[in-house]
Amino acid sequence: MATNILSNTLKLISALFVILILVFILFIVSLKDGIKFNNLSLFNINISKLYIKYDKKLIVKAKKFVYNDKNSKTKYKLDTYLIISKKYNKYNIIIKNLYYYNNHLMLKADLTTTKAKIKKLLNDKEKHLTLNNVIFSFDKNLSLVKAKQCNATLKADGGIYFTFKKPSMSNVNLDNTKVAIVDNQLILDLYSKDKIDRRILDIVKYYGVDLPVTQYAGKNNINAYIVIPFDERPIIIRVKVNIDNASLKYDKYKFDANNLNVIYKDHILHIKSNYLHTIQFDKKIDLSDLKFKLAKDIVYIDTNAIVDNNISLHINDTTNLKNLNSTGKADIKSIDFNKIKIVNQNLSYKYISKNVICTTPKFKVSIPDHNITLLNFKLNFKNNKVFVDTNIKENNNTIFLSSKTNLDNNSSKGNITVKHLSIKDINVSNQKLNYDYSNNIATINANILKIKVPNHNITFSNLFVKYNKNIVTLNTNIKEQNNTVTINSISNLDNNSSKGKILINNFSSKELNISNQKLNYDYSNNIATIETDIFKIKVPDYNITFENLFTQYNKKIILLDTNIKESNNTITLQSKTNLENNISNGVITINNFEYPHYVKMTNQDLTYKLNFGKKIILDIKEFGLKYKFDLKKYHTLYITKLNNILKYVQNIKVRNPKKHSTCYFYTIDGFENNNLVINDLNITIDKKLFDINKTSKKETKIKLHIKTYNDTLEYNNTAYHFDSVISHIINKNSFTDIFLDKTNKIKIIVLDKFIKVDANELSAKSVEKLLHQNRFKDGNLSLNLQGTFDKIHGSLKLNKTTVKDVRVLNNLITFINTTPAYFEPLLILPTLYRLNQTSFDLNGYYIKKGEINFIYDIKNKNIKVPLFYTKSTMADFKGHSFVDIKNDKLKAKIDIIFLKDYSKVINSIPLVGYIILGKDGNFETSVDINGTLEKQDFQTHTLKDTTVGLFHIVKRTVTLPFLPFMDNNTTKENNNSEGN
């Protein structure tokens, strides 16, 4: 009905134009001055004021042109201002103003027509009208629409349809825009390819769509379809925007889009884009497959996002614009940022009542060499405060973090509970750390923090770490069993420097003890130093002091300078270590070093070079020393100038300094089995070396295999030469073979405290080579010992040998020749007889067979000889003795059987043989000896003389096998005896 009413109104207006033209023609003369009409009525039309004037042009003004629709009981009001002129049978109508009150429609245009066209216009069912220089307004609050030309069509449906040529609105090009008035409503079908700016946004905003968007570049295709009813029906707005290669600004954010589609329909805004790029917070953000929806104050966003090419995620978000509550999910495809990697992880979030809650049951993060999982992660943001609770897990390591951060004052505090942490050999369980950050100062503290390393439980007490303006302060006590260390340090992160003190309250490790010692350290300009005036340590039986200790590290170079003092021993160490080529060299100055009874060295510089790369190699040129270690189990030690070491060993003297002894040590199994080879050892050993009391009772487990070649050891003025020695030492046991030559050897076995020595059938030449003395000629001798280091049982056996260059034989003959006078007649014969025997020499005593059994009590220093005997062609000896070395006492009883060969002659004279020789047929006497080692008393049961010479004969005979076991006094006595 409304459309019919509007159509009728337009028909009346057209009819009015015709009537007015006729009136103007009839009253043309009278219109020159103008005519005014008030309150004119025609049919259902009322005109409040009508002004008509004609002066070459007809001017018509009608105010409140009212049409009363009796059917709808509605009044339609118009204001009009027309200028009509005629030229060449054409009527020019200028519509200065055509205003439709009811819907605030306004039209201004120029119209050129003819009477015939007007007639046709009235008769045609579909009426066409062309207007020029059109100004059109559909809302008084909006800008005017201007067009060069407008084609108006009144169709059979009662609607009027307008098309425009070069239309514009606020300089916005609206080509292809169409307007229709149909069904009692205004339909605006607007098109534009202009950029989206304030001109377009104001139009959309007027109808309730506020888009804070500004376009800078791009190819647009914009269509706004607006339906404005003339009744109570709601306004309908539909907007569709296609933009290629767009550059936009939304609010404060700039975007670049390849293809952007915007659709506003049924109060729902849709935005889609296959690619959109922006930079926010200095971050490059690329959005793909963007889907944006705004409906009833609810915003839905679904998009893929890439940030700085290292963050890729999918976001699905729903936001209520009324209360700004939001829920969403972020599917993280990949994040690679500062060596942090996250792949295919999900995160849910909520924003409710200004409270942001972000949760996920499981979230995996990768950093170099570590894969970390956040379990039960929860982040709560409210009132500018952030609360985080989560378990951080990596393999079997789990840490719980609970923190509270206040963004108003930029502060944070919380605690870190280490449920279980294992890093290499470090283990931490159920330990808690507190942290605090306020006033730009960060602190970490813990009353107790316990960690475990292999074989050690370490406790940090009163741990305090503070960070303030790039200054880090660390204070803590470190305790392990009874070991305690205090660290106080200050580090400056601006200049990368640090300094502090390390106080060793107490430290004990195996045989090392340190108490109340302080070290100062400093790190600045990439140079680290540790220094202290005095640093004392204790090892068993020794107190060692490092004076003026100075260590410096600079560009992989370590310098060490210190004086080492122990008692009266002082050593200066100066070294330079290059960590780049793994070489250290320096000088060890032995100012004074003495190991009591063993070593003494003064004012000796030792130059060393140490290579600790793939192998450890140590060279000390003064000793010709080279040590190698393959960092596994293989150790070798070469010493080519062993004499230079031995010269500092007390109670040992190098016999030939010009000829160097050499030493070679090696092990291939990490000191399980050890091998030592010594060549050309030629030394003199003082007896004092064996008089040193060994106070250490420590038992050492060792396997050592020793070989020596061409060695000479001089002891107690006797030089012993060994062709070679092979010894195997296993803990407390040893097995030694001493080779005097290829066929003669001495075998020594030590089993814990038991010792056994076997030297069987040693040739006289090998003994001569061993002792460097010509004591025996021909034959052989055997020595067998066994017992403990407190008491030894032994025997010495002689076989077909001649004892040479021992004056004991001369003393023995002297004793025989100085017996009482009644023996003299008898002695003449044996003397003559023996001088004719080739087996007897005044400088040698031939022994067919002999044996001496003895017990050497080392602990009580005495020798007991329960039995000894020798058999010879001239005289046999048999007896027993006891020597108290400690108290210098001698007691012995000896039976002498002599003139054995001559007794055959005496026995041929029965009376004389019976009277002289008796039943045994031998000349025989017994001697008792008492006294000291220097002076003795002799008693014989046949003769009462005391003969010092006889003592010496017996003494030398008895003591000869025990020469190695007797002291210098005995040796001197023997020497004196030999000289008599």
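In this predicted model, Asp183 is partly exposed, with a relative accessible area of 41%. Asp183 forms a salt bridge with Arg233, and the closest N and O atoms of the two side chains are 3.5 Å apart. The pair links distant parts of the chain, since Asp183 belongs to the loop between β12 (178-182) and β13 (185-192), while Arg233 belongs to the loop between β14 (213-229) and β15 (236-250), 50 residues apart. Arg233 also counts as partly exposed, at 35% relative accessibility. The 3.5 Å separation of Asp183 and Arg233 qualifies as a salt bridge because the cut-off is a side-chain nitrogen of Lys or Arg within 4 Å of a carboxyl oxygen of Asp or Glu. Side chains of opposite charge can pair when their charged atoms come close.

The structure holds eight salt bridges. One of them joins Arg655 and Glu714, with 2.9 Å between the closest N and O atoms. This pair, too, links distant parts of the chain: Arg655 is in the loop between β44 (652-654) and β45, and Glu714 is in strand β48 (residues 703-715), 59 residues apart. Arg655 has a relative accessible area of 37% and is partly exposed. Another salt bridge is made by the side chains of Asp758 and Lys756, at 3.8 Å from N to O. For Lys756, the relative accessible area is 31%, which means that this residue is partly exposed.

Positive charge is also found in a surface patch, formed by Lys36, Lys49, Lys61, Lys63 and Lys64. Strand β3 (residues 57-69) gives the most to this positive patch, with three residues. Lys61 is found in strand β3 and is partly exposed, with a relative accessible area of 37%.

A nonpolar surface patch of about 300 Å² is made by Ile730, Phe735, Leu751 and Phe754. Of these residues, Phe735 is found in strand β50 (residues 733-739). Phe735 counts as partly exposed, at 33% relative accessibility, and so passes the requirement of over 30% for patch residues.

Thr667 provides a buried site. This residue has its place in strand β45 (residues 662-667). The relative accessible area of Thr667 is 0%, so the residue is buried; the cut-off for buried is under 20%. The side chain of Thr667 reaches two backbone atoms: the backbone nitrogen of Phe671 at 3.1 Å and the backbone oxygen of Asn673 at 2.7 Å.

Asn496 has a positive phi of about 55° and is found in the loop between β32 (483-492) and β33 (497-509). At 42% relative accessibility, Asn496 is classed as partly exposed. Lys800 has a phi near 50°, likewise positive in a residue other than glycine. Lys800, however, is found in a strand, β55 (residues 791-804). Lys800 counts as exposed, at 52% relative accessibility, because exposed means over 50%.

Two further pairs were described by their C-alpha separation. Lys362 and Thr390 are 28 residues apart in sequence, and their C-alpha atoms are 9.9 Å apart in space. Lys362 is found in strand β23 (residues 355-367) and counts as partly exposed, with 46% relative accessibility. In the second pair, Leu771 and Phe722 are 49 residues apart in sequence and 9.7 Å apart in space, C-alpha to C-alpha. Leu771 lies in helix α5 (residues 764-771).

Definitions and conventions. Residues numbered from 1 in each chain as written. Predicted model: local features only at pLDDT ≥ 70, side-chain atom pairs only at ≥ 80, totals over all residues. Heavy atoms only, no water. Patch = residues over 30% accessible without salt bridge, like charges linked within 9 Å, V, L, I, M, F, W, Y side chains within 5 Å. Areas by Shrake-Rupley, 256 points an atom, 1.4 Å probe, with all protein chains shown as cover. Lys, Arg positive; Asp, Glu negative; His and termini not counted. Charge placed at Lys NZ, Arg CZ, Asp CG, Glu CD. Helix = DSSP H or I, 4+ residues; strand = E, 2+ residues; numbered from the N terminus. Buried < 20%, exposed > 50% of the residue type's maximum accessible area, 1.4 Å probe, protein only. Polar contact = N/O pair within 3.5 Å; in protein donor to acceptor, adjacent residues only side chain to side chain.
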